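Thank you all for making time this morning.

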Amino acid sequence: MTTAHVTCPLCEATCGLEVTLDENQQVTRVRGDDQDVFSKGYICPKGASLGALHHDPDRLTAPLLKRDGEFVEVSWQEAYDEIARRLPPILEEHGRDAVAVYAGNPGVHNIALTLYGRVLYKALGTKNFYSATSVDQMPKHYSAGTMFGDPLAIPVPDLDRTRHLLVLGANPLVSNGSLMTAPDIRGRLRGIRARGGKIVVVDPRRTRTAEFADEHHAIRPGTDAFLLFALVNVLFAENRVAPGRLAEHLNGLDDVRELARPFTPEAVAPRTGIDAAEIRRMALELADAENAVVYGRIGTTTQTFGTVASWLVDVLNVLTGNLDEPGGAMFPLAACQPTGNRRPFAVGRWRSRVRGYPEVVGELPVATLADEIETPGEGQVRALITVSGNPCLSTPNAGRLTEALGNLDFMISVDVYLNETSRQADVVLPGPSPLERPHFDLAFYQLSVRNVANWTPATLPSALPQEWETMLRLTGIVTGQGPEADVAALDDFVAADVARRAGLELTHDRTGPARLVDLMLRAGPYDVTLAELEAAPHGVDFGPLKPRIPEVLCTASGRIELAPGPVVADVPRLRDELAKPVEDGLVLIGRRHLSSNNSWMHNLAPLVRGGNRCTVQVHPADAARLGLTDGGLAAVTSRAGKLEVPVEVTDVVRPGVISIPHGWGHDVDGARTRVAYAHPGVNSNLVADETLLDVPSGTSVLNGIPVEVAPA
């Protein structure tokens, strides 16, 4: 028996795991690492399933090439030869924008894809880059970029010291955080109570977090921006605005006061479904708390006013004096800070060809990818590379996108499974399991509620190439070096660029992600090296979050822009909506489960045990009115499509709201995920409308979709 200590790569919590292997290198047990400096032994069902993922017989173990409509296993050389034969001619004849990229959520949990994916994307040079970000958190990047100058400067709740937590559209007891890296959320929330604090949840559904909270407000979906503006309104009306030391770093305080005037509690109460007196009390309790923090997540970002809501979350943190203060919303200082120049944030450097959506953080909204494939003309997308993504399940009007992929001239998928998307590729390139590759959470340590770092070496050898090598092979092909490109030379080139940006000499004692991480650590704020992390298998604790303003700011003014122009430009649209009558039709929201992470963990038997969790939750009053019965089938219809789903009658959703979980729909032909196929659920994105977007960021509306429901 041997024991390895690894950081779980399956969600944002970055928990330390203790993995036991027998003499045949079979995983026999996975438990929490009691000595981990951050998670201290906490583990969730996803982490416990790491062995099942490693041993999953459906994981691909060789490249696949489609011949006469059927996949066959081929050598790596054959796969690269096919890519070299078919991809460069498309680039040469139709230009760089004829090839699109879709990068999925799992890639952010993979240090090789995080660091070397960007090398491929830059070499490809396409403006048609899409990712899961535009069906998730892009409004938060947008608001952080316009307020603080850096789209990665997202303040996170200082959970371990706060005494008042206001949560909107988030269910951290199930998601394990999200834009808030925090293992053992339950323990941390208990800590708030132990300090005499209070937890308030605003959500259309009585989630697990809402059940735990001291107070729950069942808001109408998609109206969080109205509520947040009303809280701002109360703070000004009651003379409770107290930004403290931030006052000398602020622009736009008076502008925010004027913008908030129409959004009185009485004006927004009919639209939000929350009583005006309750709104006023919430605002004053927030202001009176010794320290407090407002936290909004996917329920606030994937709605019609996602950017305005995301902005107002941090406006409240500023106005109450809780931004950049212990117990408030603080900026982590990761051991590996992003390299490169810190220019002020800008958007709209280019626009999508068909619908004219602006670029944000180098991306276009994935809601328009089908348009770019289907619409003829110069710049039409003719080839697609997906990297650890499943947009046929995770993006709006998924049925239309699925059909559009069939019109491509060529498609490559980098994926460990033949799933609902990769089944349509011409070439599929697999990668090693999480236990066969090193791991470092570059992205999530930048969102952590405590400054920590942990490096996980590969536990087991891999028969497959590491994914950083795959990315460099593809880079060689798209840069004209062919399938025989010198990977070592390309890696040296990448490392030399990182070293130059860091002001360090290039080293040659490591290769791949290990060398890049070592360089970034050496250039980071803690004077630590990768060797020191390797000597600390349970992680290194750099301490609690500390104030970072003004050094974290990189706006053109060097100040916090409390009323940034690109965001404020969308406020009139919100104000116009305030004057309209409240519609009484049904709307759809999503939901998450602790044993699930989007679409990519449903092929693991330990995580799909029990009854079918993919139901439509309907309030008893709506069920009676519509003639729906518990356990029966409902037909859910929107402008985009229709699906049939089992009914779950429950009062956990407010009247007028139905809820279907995200990431299911594993009943298609051609995929090779047997466990998922046996527990298919339904694809809620068949009824998600790709024409409904948050205007500034282009993020899809996945919460508050108008639908009709009837017995099937």
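This is a predicted model: local features need pLDDT of at least 70, side-chain atom pairs count only at pLDDT 80 or more; totals for chains, interfaces and linings use all residues.

Is Asn603 buried or exposed? Its relative accessibility is 6%, so Asn603 counts as buried.

A second residue of this kind is Ser175, which lies in helix α6, residues 172-175. The side chain of Ser175 reaches the backbone oxygen of Gly177 at 2.7 Å. Ser175 has a relative accessible area of 19% and is buried; since the cut-off for buried is under 20%, I would quote the value together with the label. Ser175 and Arg591 are 416 residues apart in sequence, yet their C-alpha atoms are 9.9 Å apart in space.

Most residues other than glycine have a negative phi, and most peptide bonds are trans. Against that background, Ser388 has a positive phi of about 50 degrees although it is not a glycine. Ser388 sits in the loop between β15, residues 383-387, and α16, residues 391-394, and with 13% relative accessibility it counts as buried. Asn397 is another residue other than glycine with a positive phi, near 50 degrees, and its place is in the loop between α16 and α17. At 10% relative accessibility, Asn397 counts as buried. As for the peptide bonds, a cis bond joins Ile549 and Pro550, with omega at about 15 degrees, and Pro550 is placed in the loop between β19 (540-544) and β20 (560-561).

Next, the sheet. There is an open sheet of seven strands, with mixed pairing, and its order reads β5-β4-β17-β16-β15-β6-β7. Which strands stand at the edges? They are β5 (70-73) and β7 (129-131), each of which has a single partner strand, so one side of each is left without a neighbour in the sheet. On average, and with direction ignored, neighbouring strands of this sheet are turned by 20 degrees against each other. At one end of that order, β4, residues 64-67, pairs with β5 in the antiparallel sense over four bridges, and Leu65 stands opposite Val72 in β5.

The largest cavity holds about 80 Å³ of space. Of the 14 residues that line the largest cavity, those closest to its centre are Lys140, Pro155, Val294, Tyr295 and Gly296. The elements β8 (156-157), β13 (293-296) and α14 (306-319) each supply at least two residues of that lining, and the largest share, four residues, comes from β13. By class, the lining of the largest cavity has ten nonpolar, two polar and two charged residues.

The second largest cavity has a volume of about 60 Å³, and this is where Asn397 returns, because the residues that line this cavity include Val366, Thr395, Asn397, Arg400 and Glu690. Both α15 (369-374) and α17 (398-405) supply at least two residues of the lining, which by class has six nonpolar, two polar and two charged residues.

Finally, an open space: the second largest pocket, in which about 710 Å³ of space lies. It is lined by 28 residues, and the closest to its centre are Pro221, Arg271, Glu583, Val587 and Gly704. The elements that give two or more residues to the lining are β21 (586-589) and β26 (705-711). By class, this pocket's lining has 14 nonpolar, seven polar and seven charged residues.

I will stop there and take your comments.

Note on methods. Residues are numbered from 1 along each chain as its sequence is written. Side-chain values use heavy atoms; hydrogens and water are left out. On a 1 Å grid over the protein atoms alone, a cavity is a set of points where a 1.4 Å probe fits but cannot get out, and a pocket is an open set with protein on both sides within 12 Å along at least five of seven lines; lining residues have an atom within 4 Å of a point. Grid points are joined across faces, edges and corners, and a volume is the space filled by probe spheres set on the points. Ala, Val, Leu, Ile, Met, Phe, Trp, Tyr, Cys and Pro count as nonpolar, Asp, Glu, Lys and Arg as charged, and the others, Gly among them, as polar. Two strands pair if DSSP finds at least two bridges between them. Axes are lines fitted to C-alpha atoms, for helices over the stretch in contact, and angles run from 0 to 180 degrees between N-to-C directions. Buried means under 20% relative accessible area, exposed over 50%, partly exposed in between (1.4 Å probe, protein chains only). A polar contact is a pair of N or O atoms within 3.5 Å; within protein, one must be able to donate a hydrogen and the other to accept it, and residues adjacent in sequence count only if both atoms are side-chain atoms.
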